[in-house]
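Subject: Structure for your files

Hello,

Here is the structure I said I would pass on. My notes on what was found in it follow below.

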Amino acid sequence: MFNPLSFVGFHTWLSLIAIVAGFPVAAGLLRGHISPRWTGIFLSTAFATSATGFGFPFNGLLPSHIIGAVALVLVVAAGFALYARMLEGRWRGVYAVTAMLSFYLLLFVLLAQLFQKVPALHALAPTGSEPPFAIAEGLLLAAFLGLTWLAAKRFTTYRPVTYRQQNRYILPL
């Protein structure tokens, strides 16, 4: 049974929060702007989700470790583009693409987990190699390829992050 106070529960809650925050972040990128609060929540919980995924016991390198490592690289690149490079020049596109791909990987893992844990979906694809699972993941990939392209194309006129006298980074509204 799911225990929200266990390590698995903590990891799961981080994942769900990152996914919920990913929707307004993606919607903002598709409209050409950033929602500062949702972006901070998304980037921090997406990073924490990927990092805590390495805390589970394992023997050898698993596909989940590869996905987790790629997700960490993507979310760190998104954070670097946003906070260190302040979305200047090409970093704006780097941010849009890496944030969208980070969100895609969270949904990719969610879909895989749903096929493992939800009895009706598990009956359709018990090993995860059956056509229903491949079709679902393929549709998600196709949708995100299109959405990521749109986000990169539309996220071109956003004003960069500014530096205030209080020595903290904020995003203009």
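Helix 2, residues 36–52, has 17 residues and spans 24 Å from its first C-alpha to its last, close to the 24 Å expected at 1.5 Å a residue. Please bear in mind that this is a predicted model. The buried residues of helix 2 are Thr39, Phe42, Leu43, Thr45, Ala46, Thr49, Ser50 and Thr52. What covers them includes helix 1 (7–31), helix 3 and helix 4.

Two of those covering helices also pack against each other. The axes of helix 3 (residues 63–84) and helix 4 (residues 91–117) come within 8 Å and cross at roughly 150 degrees. An angle over 145 degrees counts as roughly antiparallel, and helix 3 and helix 4 are therefore roughly antiparallel to each other. Their crossing is left-handed.

On the helix 3 side, the residues in contact include Ile67, Val70, Leu74 and Phe80. On the helix 4 side, they include Trp91, Tyr95, Leu105 and Phe108, with Thr98 and Ser102 also among them. The residues of this contact divide into 18 nonpolar, 2 polar and no charged.

As for the chain overall, its secondary structure comes to 6 helices and 2 strands. Along the sequence the pattern is α-α-α-α-α-α-β-β. Of the 173 residues in the protein chain, 38% are buried. Among contacts with a separation of 6 or more, 65% are between residues 24 or more positions apart.

Regards

Note on methods: Residues numbered from 1 in each chain as written. Predicted model: local features only at pLDDT ≥ 70, side-chain atom pairs only at ≥ 80, totals over all residues. Heavy atoms only, no water. Axes fitted to C-alpha atoms, helices over the stretch in contact; angles between N-to-C directions. Helix = DSSP H or I, 4+ residues; strand = E, 2+ residues; numbered from the N terminus. Parallel < 35°, antiparallel > 145°, perpendicular 65-115°, else oblique. Left-handed = near helix turned anticlockwise from the far one by under 90°. Contact = heavy atoms within 4.5 Å. Nonpolar A, V, L, I, M, F, W, Y, C, P; charged D, E, K, R; others polar. Expected span 1.5 Å × (residues − 1). Buried < 20%, exposed > 50% of the residue type's maximum accessible area, 1.4 Å probe, protein only.
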